[in-house]
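Trainee: I would like to go through this model and check what can be read from it. Can we take it point by point?

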Amino acid sequence: SRLILASRSSFAENGEGATGLGAGAMQALNSARDSARAVRDEASRHITTSPQLDSVAPYSTFVSLLCVLLVGISLDGHEWLRGTAMQDGYPLDAVVSLGNVRFAEPLPNGKIGTRFGKPESLKKKCVDRHAPMPLLRVPTQQTDQAIWCALNAAGSKAETFLWLGYLPLLVAAALSGLLWLSNSFRVAKNARHALWAAGITDGVYSAIVIMCWLVSWLLLFASLCSYGYAAPSSLGWGNITLELSFGTMQLTFVLMTITVAALLGKIFSLWDDEVLRDVLNDFVQSSRSRKAVYALLCAQLLLLLACAVRAIEWQALVLLFGLYYLVADKSNFLMVYLSLSVLSLLVDVYRLGAMPEWGHMTGAQGFADGCYVLFAMLKPAAMGGMLLVWRLEAAKRTDSNAQDVTPRGSRDPTFSDNF
């Protein structure tokens, strides 16, 4: 625009000295301006009429930033694995990170508790990385150095996969944020216009976002598998347990799996936004008892999601059956939910009875078991609320059917009709 104004003022100063060359330059500038406006208008129209991932962009942005935070915490975490190692014939509690190990030290003044010392490098403890793993049938005076070599190799592979998956996760967060903010901020919208003008259409943009999520998800999956498979089963005495940093990555993996499924479902039109709006409207317009059951099931889902720091729980599938009954009002899904919930009560009793005392639990175990206790306490209330909702809905249907019956030719219903 400044170039056009400068050209026009130059022509005005020259007056009659304007030549055919100047008129041609003026025409070229006007043509370039009109072309730029056409590209901008076409980009704005295309972005407005082809939302692609716009509806899930806020969720994708929030989850990607949360996953970036969780992966960073796990990379810097000191508790990937915990077990009992042998030093000079004495068993010592030890926590292992991706590259270091820390041993328990006695507390001063005879206090009861566990304090871990300074980290020691696993690479320095590994003398011969080609040495075979020992047969840990009888504890020895010292933990075999092959165990430290195995832990060092497992940590190195896991750390490599995590760092490789960190970059596409950051790109996914940036692109999802740009997609979300372009509907509210002019700077983000202009950036989308520039990308579209450069040839990155909505289809290409969505494909880049999906590919970043998929690559990061696959690398996280490879990291968890490589560490869980390569880590030894013992540090010299007893078994090992996977701790909070590893559990944080499990939670991240669950969140990323849900997000990737949502994005793929949106791209391939496997779900409709109208269905989600109908579900939300049904929740808003439903009775108090129905809302209470919705709240109980969602609270249980969140508690089981938190339990992923220890183990991925299969009982989340049972809750999805219950939620589908509330949405679709299909009584067969109610029967499936109630049957599996009654079956899981026995599992809950076994698990609650096998829990150790809270003072003997590690951080990850205490957090996960606490969430599971709350989940088990809410389960009878959710089952009772589901039966109450079914009874109220059945009574409403019975009343509506009774009002539709005409008095002509009325007769007493038989037992089969009542049944």
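Mentor: This is a predicted model. Start with the charges over rings: the charged end of Lys-125 is placed over the ring of Trp-148, 5.6 Å from its centre.

Trainee: Over the ring of which residue does the charged end of Arg-351 sit?

Mentor: The charged end of Arg-351 lies 3.8 Å from the centre of the ring in question.

Trainee: What kind of aromatic pair do Tyr-372 and Phe-375 form?

Mentor: The structure holds 12 aromatic pairs. In the pair of Tyr-372 and Phe-375, the distance is 5.6 Å centre to centre, with 50 degrees between the planes. Planes under 30 degrees apart would count as stacked and over 60 as edge-to-face, so this pair is tilted.

Trainee: Which element gives the most residues to the largest nonpolar core?

Mentor: The largest nonpolar core has 52 residues, and Val-96, Leu-151, Trp-213, Tyr-227 and Leu-235 have the most contacts inside it. Elements giving two or more residues to this core include helix 3, strand 1, strand 2 and helix 7. The largest share, 12 residues, comes from helix 5.

Trainee: How many residues are in the other core, the one with Tyr-372 and Phe-375?

Mentor: That core lies apart from the largest one. Cys-307 and Leu-334 are also among its members. Its count is 24 residues.

Trainee: Ring pairs link Trp-80 and Tyr-227 into a cluster with which other residue?

Mentor: Val-96 touches both Trp-80 and Tyr-227, and its contacts also include Leu-122 and Leu-151. The cluster made by ring pairs has a further member besides Trp-80 and Tyr-227: Phe-246.

Trainee: Is Arg-82 buried or exposed?

Mentor: Arg-82 lies in strand 1, residues 81-87. Its C-alpha atom is 5.8 Å from that of Ala-94, 12 residues apart along the chain. The relative accessible area of Arg-82 is 18%, and the limit for this class is under 20%, so Arg-82 is buried.

Trainee: Where does Asp-329 lie?

Mentor: Asp-329 is not a glycine, yet has a positive phi of about 60 degrees. With a relative accessible area of 33%, Asp-329 is partly exposed. Its place is the loop between helix 11 and helix 12.

Key
Residues are numbered from 1 along each chain as its sequence is written. This is a predicted model: local features need pLDDT of at least 70, side-chain atom pairs count only at pLDDT 80 or more; totals for chains, interfaces and linings use all residues. Side-chain values use heavy atoms; hydrogens and water are left out. Helices (H or I, at least four residues) and strands (E, at least two) are DSSP runs, numbered from the N terminus. Buried means under 20% relative accessible area, exposed over 50%, partly exposed in between (1.4 Å probe, protein chains only). Rings of Phe, Tyr and Trp (its six-membered ring) pair if their centres lie within 6.5 Å; planes under 30 degrees apart count as stacked, over 60 as edge-to-face and the rest as tilted. A charge sits over a ring if NZ of Lys or CZ of Arg is within 6 Å of the ring centre and within 35 degrees of the ring normal. A nonpolar core is a set of buried Ala, Val, Leu, Ile, Met, Phe, Trp, Tyr and Cys residues joined through side-chain atoms within 4.5 Å. Contact means heavy atoms within 4.5 Å. Lists of a residue's contacts leave out its neighbours within four places in sequence.
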